[in-house]
Structures are given as C-alpha cells and as structure tokens.
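Subject: Structure handover

Hello,

Here is the structure I promised to pass on. Please open it beside this email and follow along.

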Amino acid sequence: MQQIEKNQVLQGVFWMAISALLYVVQEAIVKVLTTDLEPIDIVFFRNAFGLLFMVPLVIKQGLGSLKVVNKKLLGLRAVFGFCAMLTYTYALKYESFLSVGTISLLVPIVSAVLTLLFLNEPANPFSYIALFFAFVGALMVVNAQGDFRFDWNYGILFAVASVIFNAGIFVIVKLLTKTESNVTISVWLCITQMTVAFPFVLFDWQWPSWSTLSGLAAMGCLTALAQMAFAQALRTEHVQVIIPSSFFRLVWVLLIGIFFFNEKAYFFSIIGAFLILMANLSMVFRNQT
C-alpha cells in the first residue's frame with residue numbers, strides 16, 4: 001500500500017514538473033507578445049488556440065467528456081483562471097520576466113496553506129513558517145537592488161494578485177478532479193474565458209500578423225498541455241507534497257530571463273529566489289518524513 005502511495009506521489013511530482021516547464025515557456029511567449037498585443041487580446045487568443053488544440057481529444061473521447069457535474073465550482077474556476085491569466089499577462093507587460101517569474105514561486109506556498117484551510121488536510125504549522133520565509137524572499141525580489149526602496153509598481157502588484165488567484169485555482173482544481181475529467185476542466189476553462197474576454201477584444205479588434213499568430217498558436221498549444229498536466233498532478237491525495245514540486249520552474253525562469261531576455265539577476269533577487277525555493281523544498285521534505 002505504501003509503495004502504491006509513493007508511486008502516486010512520484011507521478012504527481014512528475015506531472016507538476018512538466019506543467020511548470022510548459023507554463024514557463026508559454027509565459028516567455030506571452031512576454032514577447034505583449035509588445036504587439038494588449039493583455040486582454042492575449043488572454044482571448046491563448047484560450048482560442050488552446051481550445052483548438054483540445055478538439056481532437058474531445059472528438060476521441062466523445063461529447064460526453066464535456067458533461068459537467070459541478071457547474072458552480074467550474075464557473076468559479078473560470079473566474080479565478082481569467083483573473084489569474086489577465087493579471088499575470090499585465091505583470092509580464094510591465095515588469096521583468098525574472099521578477100514576475102520569481103514572485104510566482106509564492107503560489108505553491110500560498111496554495112499549501114489554502115489546502116490546510118479549505119480541504120481539511122491535516123494541520124501542519126510548518127507550512128505557515130515556510131510561508132513567512134517565502135514572503136521575506138518575495139520582498140527581497142521586489143527590493144532587487146538592495147536600497148530598501150520597495151518598488152511596488154503596477155507589474156509587481158499584478159504579479160502578487162496573480163499569485164493569489166493561482167493559489168485559489170490549486171484548491172478549486174483539486175476539488176474538481178473528484179468529479180470532472182482533465183479534458184472537461186481544460187475545455188470549459190477555455191470556453192468560459194474566451195466568452196468573458198471576447199467583448200473586450202471585439203471593442204478594439206485588430207488582426208494579428210502571421211508571426212504573431214504563430215506565437216499565439218504555440219502559446220495556446222503549450223497552455224492546453226500544461227493545464228492537463230496540472231490537473232493530472234492534482235489527482236493524488238497528497239496535495240501538499242505535490243504542490244511544492246512546481247519549484248522546478250525557477251531554473252527555467254532564470255535561464256530564459258538571463259539568456260533570452262538579457263535581464264540582470266541582482267544579488268537580492270537571487271537571495272530572495274533562494275529563500276522561496278528553500279521554503280518550497282522544506283515543505284516537500286517535511287511532508288515526506
């Protein structure tokens with residue numbers, strides 16, 4: 001029995017790591033696209049292309065795969081997903097890729113605390129200690145140049161808002177996986193978010209260039225795959241162990257930010273990222289003992 005649980009945890013960690021990688025790559029594409037498109041346009045096209053790439057799965061599994069059991073919870077997932085996607089896109093537009101990507105590492109910590117509060121998982125005071133050190137790390141990222149003039153600009157504020165919405169998504173998706181399939185969750189997420197974004201896009205419609213469309217298509221494909229990997233990861237019962245494994249994204253955030261966007265990693269930013277990373281890792285090892 002213990003071997004089965006261990007395998008489930010390893011599978012959950014694997015799918016969460018894959019999800020993190022796919023999300024970071026598509027976030028880099030989003031960063032590039034913000035120079036040509038408004039964030040709300042990116043949200044719309046991201047979901048449109050994501051839905052397009054999921055059509056073959058719906059055809060394979062049949063229309064029955066779109067049947068929803070918990071409509072209210074799925075609707076709440078759509079609201080949180082839309083807000084998380086829009087705020088994160090704005091954050092990438094106004095702030096560096098390294099800063100936004102590092103702050104997003106707070107999501108696993110906040111999510112772990114929320115699972116204690118809303119999913120009735122065994123209380124673990126260590127989670128709150130990890131949250132404190134992760135918060136200190138985030139403050140160091142905001143104060144990247146070490147002059148103690150915390151730069152709470154629009155980009156940082158949007159990034160923090162995105163953390164809150166994404167943490168809520170962890171809890172909602174965990175509940176949804178009890179009644180809905182991965183395809184159901186992902187497809188309806190795209191449909192509902194497209195519906196919300198469409199009026200805003202229509203108001204100031206402009207056709208993207210072919211190069212922009214190719215970037216949007218790649219982004220939609222990666223988003224669809226990341227969402228399904230994410231939902232698969234949360235099917236395990238040991239959510240607090242699985243969630244911190246998304247820290248793998250830090251490696252990709254650093255590599256892409258430094259070598260692709262030519263951004264500078266300040267000393268305080270590195271220390272802050274290290275604190276957030278250690279907070280995540282400490283929770284993994286704490287839950288395995």
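At what angle do helix 2 and helix 9 pack, and how far apart are their axes? The angle is about 60°, and the axes are 7 Å apart. Before more on that pair, one caution: this is a predicted model.

**The chain as a whole**

The chain has 12 helices and zero strands. Read along the sequence, the pattern is α-α-α-α-α-α-α-α-α-α-α-α. Of the 289 residues, 53% are buried. Take the contacts with a separation of 6 or more: 89% of them join residues 24 or more positions apart. The chain exposes about 14,000 Å². Carbon and sulfur atoms supply 70% of that area.

**Helix 2 and helix 9**

Back to the opening pair. Helix 2 passes helix 9 in a right-handed crossing. On the helix 2 side, the residues in contact include I42, F45, R46, F49 and F53. On the helix 9 side, they include L213, L216, A217, M219 and G220. By class, this contact has 13 nonpolar, four polar and one charged residues.

Now pick out L213, which lies in helix 9. L213 touches F49 and P208, leaving aside residues up to four places away in sequence. L213 and F49 are 164 residues apart along the chain. Their C-alpha atoms are separated by 9.6 Å.

**Helix 2 and helix 8**

Helix 2 (residues 39-61) also packs with helix 8 (residues 182-203). Here the angle is about 145°, and the axes are 8 Å apart. This crossing is left-handed. From helix 2, the contact takes in I40, D41, V43, F44 and N47, among others. From helix 8, it includes V183, S186, V187, L189 and C190. By class, the contact has 18 nonpolar, five polar and one charged residues.

**Aromatic rings**

How many aromatic pairs does a search of the whole structure find? It finds eight. One of them is Y90 with Y94, a stacked pair. Their rings are 6.3 Å centre to centre, with 10° between the planes. Y90 and Y94 are four residues apart in helix 3 (residues 71-94), so about one helical turn separates them. Y90 is partly exposed, with a relative accessible area of 22%. Y94 is partly exposed too, at 46%.

F260 and F261 form an edge-to-face pair. The rings are 4.9 Å centre to centre, with 90° between the planes. F260 is exposed, with a relative accessible area of 54%.

Ring pairs also link F44, F45 and F198 into a cluster.

Start with T34. Its place is in the loop between helix 1 (2-33) and helix 2. Is T34 buried or exposed? T34 has 7% relative accessibility, so it counts as buried. T34 touches I42, T89, L92 and K93, not counting residues up to four places away in sequence. T34 and K93 are 59 residues apart along the chain, yet their C-alpha atoms are separated by 5.7 Å.

Next is L234. It lies in the loop between helix 9 (210-233) and helix 10 (239-242). L234 has 0% relative accessibility, so it counts as buried. L234 and K174 are 60 residues apart in sequence. In space they are 5.7 Å apart, C-alpha to C-alpha.

Where does N262 sit? It is in the loop between helix 11 (249-259) and helix 12 (267-288). N262 is exposed, with a relative accessible area of 65%. Phi of N262 is near 55°, a positive value in a residue other than glycine.

Best wishes

Key
Residues are numbered from 1 along each chain as its sequence is written. This is a predicted model: local features need pLDDT of at least 70, side-chain atom pairs count only at pLDDT 80 or more; totals for chains, interfaces and linings use all residues. Side-chain values use heavy atoms; hydrogens and water are left out. Helices (H or I, at least four residues) and strands (E, at least two) are DSSP runs, numbered from the N terminus. Buried means under 20% relative accessible area, exposed over 50%, partly exposed in between (1.4 Å probe, protein chains only). Contact means heavy atoms within 4.5 Å. Accessible areas come from the Shrake-Rupley method with a 1.4 Å probe; for residues, only the protein chains shown count as cover. Axes are lines fitted to C-alpha atoms, for helices over the stretch in contact, and angles run from 0 to 180 degrees between N-to-C directions. A crossing is left-handed if the near helix is turned anticlockwise from the far one by less than a right angle, and right-handed if clockwise. Ala, Val, Leu, Ile, Met, Phe, Trp, Tyr, Cys and Pro count as nonpolar, Asp, Glu, Lys and Arg as charged, and the others, Gly among them, as polar. Rings of Phe, Tyr and Trp (its six-membered ring) pair if their centres lie within 6.5 Å; planes under 30 degrees apart count as stacked, over 60 as edge-to-face and the rest as tilted.
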